[in-house]
Structure formats: C-alpha cells, structure tokens
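Thanks for passing this one along for a look. My notes follow as numbered points, to be read with the model open beside them.

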Amino acid sequence: QSFHGNNEAVVSTQSTGEVSQMAATQIAAEQRMTQQAITAAGSGETVDVASGLYPTLDSWMGLENQALVEFKALDSTTGALAPVTGSSVGTSAAEIKQGVRQIIGCKDPGSGKIGLSVEDISKGIFVSYVESGSVAAKAGLRFGDQILQINGVSVAGWNKKKTIEFLKKADPAQIRFAVRDRPFERTITCVKDSAGHIGFQFKKAKINAIVKDSSAARNGMLTDHYLVEIDGQNIVGLSDDKILKIIKEKSRTVTVTVMPGFVYDHMVKCLGSSLKKHMDHSEPTEM
C-alpha cells in the first residue's frame, strides 16, 4: 500500500524545535563539539576529528586558524580524491545531516493521501516510496529517511501495517514527522577522469565492479551497494541507461549516494514497476 497525492497541497518544513528530547541532546552535543574545536584552533592544539560525525565535517571547515586541512582534488588522470567540501546544489542536496528534523505536512485535499509508503527494518520505520509532486515530496521526505515520530507518537517497534493505519487516521490538516536523514545511506564524492569516468560499474543500479586507482576506489566506493541518488537526485527505479545519462551530464565532481544491497532489497521488495515510475525523481533546486 502507499499514500498518493498531487501538487495542490501546501506544506512547510520547520526546524527541530520540540521534536524530541533526542534532538535536543544531539544539538547540545554538536554545540559542545564546535566550541571545543574553536578553542583548540585558537590555542594551536590538535582537533580530534574522529570524535565527531563525518557529515558534520563541513561545519569545521573555514576556521580562520585552519584547525583542519581541506583536501584538494588531485589530477583527474591519476584517480583524484574529491574535495571534502563543495558549494554546488547537488553536493549540498546530497548531504546526510545529523540530528532530527521536523517536517509538517497535510493530506492532499482531493485524494486525502500524503504520497508515501514505508518499510519496517530492525524495529524502525523507513520511507520506501515518495510520489512525484506529492505532499511528502514537497515536505522534503526522501527514500531511506527514518521516521521516528508521527504527531508526537514514537513509531519505534511498529511495523509497516501499523504505521500506514496510523497515517490513515491522522488529522488531514496537519501531520508532523520527526525524521532522521537516511541512516543506512552514505555519500561519496568522486572526480571524473579525463575520459569522463568516475571508476565503477553497475547493473540494475547495483555496483558490481570498481576500477583500480580510480576516484571511486580512492574515495571508498564499495561493491554490493545500490545507487540511490546522484547529486541529491533520487534515481531509485530508473533504468541503467537513464542513470548513466544523469552521471554523464553532471560536472567534473559528482556526489553519489549508496545503500547496502541487503537493506535496499528489503526497502523496494513491495515496489512494483508502476510505483517506481511514479517515484519522485526531481532534481534538487537551490533554496
């Protein structure tokens, strides 16, 4: 089952606020880490990057005293390392942020649906489908997002059926989600070589080979993972030809989002070809 909708409904996204105590704890921890980094930078002490979380690395960059060294892209013909930071729309859209965010939406006035479906994995609820132009798409829900709460109610331990039934009975005027960004996914930024290649092969979106000494290999690409986004654009359900076309049309630096095969297979097991065609594949836009 899935919830469908169209682009007539109005939604809004808000900052964390009163999402949960979990969110407050996360934010406080990140603030402490930032203050420690600034203090260490001013005193010349070494900053322990490993104690932080990788997706927060961008927040450390740009300190006046250069507490961290930003990696520069190498010659693309030698298998370049991608720069850690980036200012492109795609790179920003692909970022997997830490913490919990709150999304507020509503059901479509015409269909009474929101435009998403979910799967339960390891006692958690994850977004497995977001319909193009739907309320869910406009609100910013993405394939792989973990839903922690709906209208203030924790969904930990729920299954797919219970979650969908709860959404069906929810107030159509307002539905509040507490969401953690795509915990099973990771992003890898690669640099194309002189031939326009980034160094991996895939079949039915599954990575099955990595070119030795390529940018993909040097940046940590793994086999048995599925491509789920290119520069923040969802590609789940697209043919290999379309995925390859998207990669070719990108600039020299490409950010690829991948998901382990065993998780991906579970996420899409109930998605037929029809649903995949209607999934949101819109390109991210600059806000």
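1. The accessible surface of the protein comes to about 14800 Å², and carbon and sulfur atoms account for 51% of that area. Please keep in mind throughout that this is a predicted model. Of the 287 residues of the protein, 45% count as buried.

2. For the overall layout, the secondary structure comes to 8 helices and 13 strands. Among contacts between residues at least 6 apart in sequence, 72% join residues at least 24 apart.

3. Which residues touch the most other members of the largest nonpolar core? They are Phe200, Leu227 and Val256, in a core of 33 residues. The elements that give two or more residues to this core are the strands β4 (124–130), β8 (186–191), β9 (200–203), β11 (225–230) and β13 (253–260), together with the helices α6 (240–249) and α7 (261–268). Another core lies apart from this one; it has 22 residues, among them Ile114, Leu116, Ala139 and Phe177. As general background, nonpolar side chains in soluble globular proteins tend to be buried together.

4. Beyond its neighbours within four places in sequence, Leu227 is in contact with Phe200, Phe202, Ala205, Ile207, Ile235, Ile243, Val256, Thr257 and Val258. Two of these partners, Phe200 and Val256, are named with Leu227 as touching the most other core members.

5. Now to charge pairs: a search of the whole structure finds 7 salt bridges. In one of them, Lys160 pairs with Glu119, and their closest N and O atoms are 3.2 Å apart. Lys160 sits in helix α4 (residues 160–169) and Glu119 in strand β3 (residues 116–121), so this bridge ties together parts that are 41 residues apart in sequence. Are the two partners buried or exposed? With the cut-off for burial at under 20% relative accessible area, Lys160 counts as buried at 15%, and Glu119 counts as buried at 4%.

6. A second bridge joins Glu229 and Arg182, with the closest N and O atoms 3.1 Å apart. Glu229 belongs to strand β11, while Arg182 is in the loop between β7 (175–180) and β8, so the pair links parts 47 residues apart in sequence. Both Glu229 and Arg182 are buried.

7. The bridge between Lys245 and Glu249 has an N to O distance of 2.5 Å. These two residues are 4 apart in helix α6, and so are separated by about one helical turn. Glu249 counts as exposed, at 55% relative accessibility. Elsewhere, salt bridges that share partners join Arg101, Asp145 and Asp181 into one network.

8. Helix α4 deserves a view down its axis. The buried residues of α4 are Lys160, Thr163, Ile164 and Leu167. Seen that way, they fall within an arc of 95°, so they line one face of the helix. On the other side of α4, Lys161 and Lys169 are exposed. What covers the buried residues includes β3, β4, β5 (146–150) and β7. At the N-terminal end, Asn159 caps α4, with a side-chain oxygen 3.3 Å from the backbone nitrogen of Lys161.

9. Asn234 and His281 are 47 residues apart in sequence, yet their C-alpha atoms are 5.1 Å apart in space. Leaving aside neighbours within four places in sequence, the contacts of Asn234 are Phe143, Val228, Glu229, Met279, Asp280 and His281. Among these is Glu229, which brings us back to the bridge with Arg182.

Key:
Residues numbered from 1 in each chain as written. Predicted model: local features only at pLDDT ≥ 70, side-chain atom pairs only at ≥ 80, totals over all residues. Heavy atoms only, no water. Core = buried A, V, L, I, M, F, W, Y, C linked by side-chain atoms within 4.5 Å. Buried < 20%, exposed > 50% of the residue type's maximum accessible area, 1.4 Å probe, protein only. Contact = heavy atoms within 4.5 Å. Salt bridge = Lys/Arg side-chain N within 4 Å of Asp/Glu carboxyl O. Arc of directions from axis to C-beta. Polar contact = N/O pair within 3.5 Å; in protein donor to acceptor, adjacent residues only side chain to side chain. Areas by Shrake-Rupley, 256 points an atom, 1.4 Å probe, with all protein chains shown as cover.
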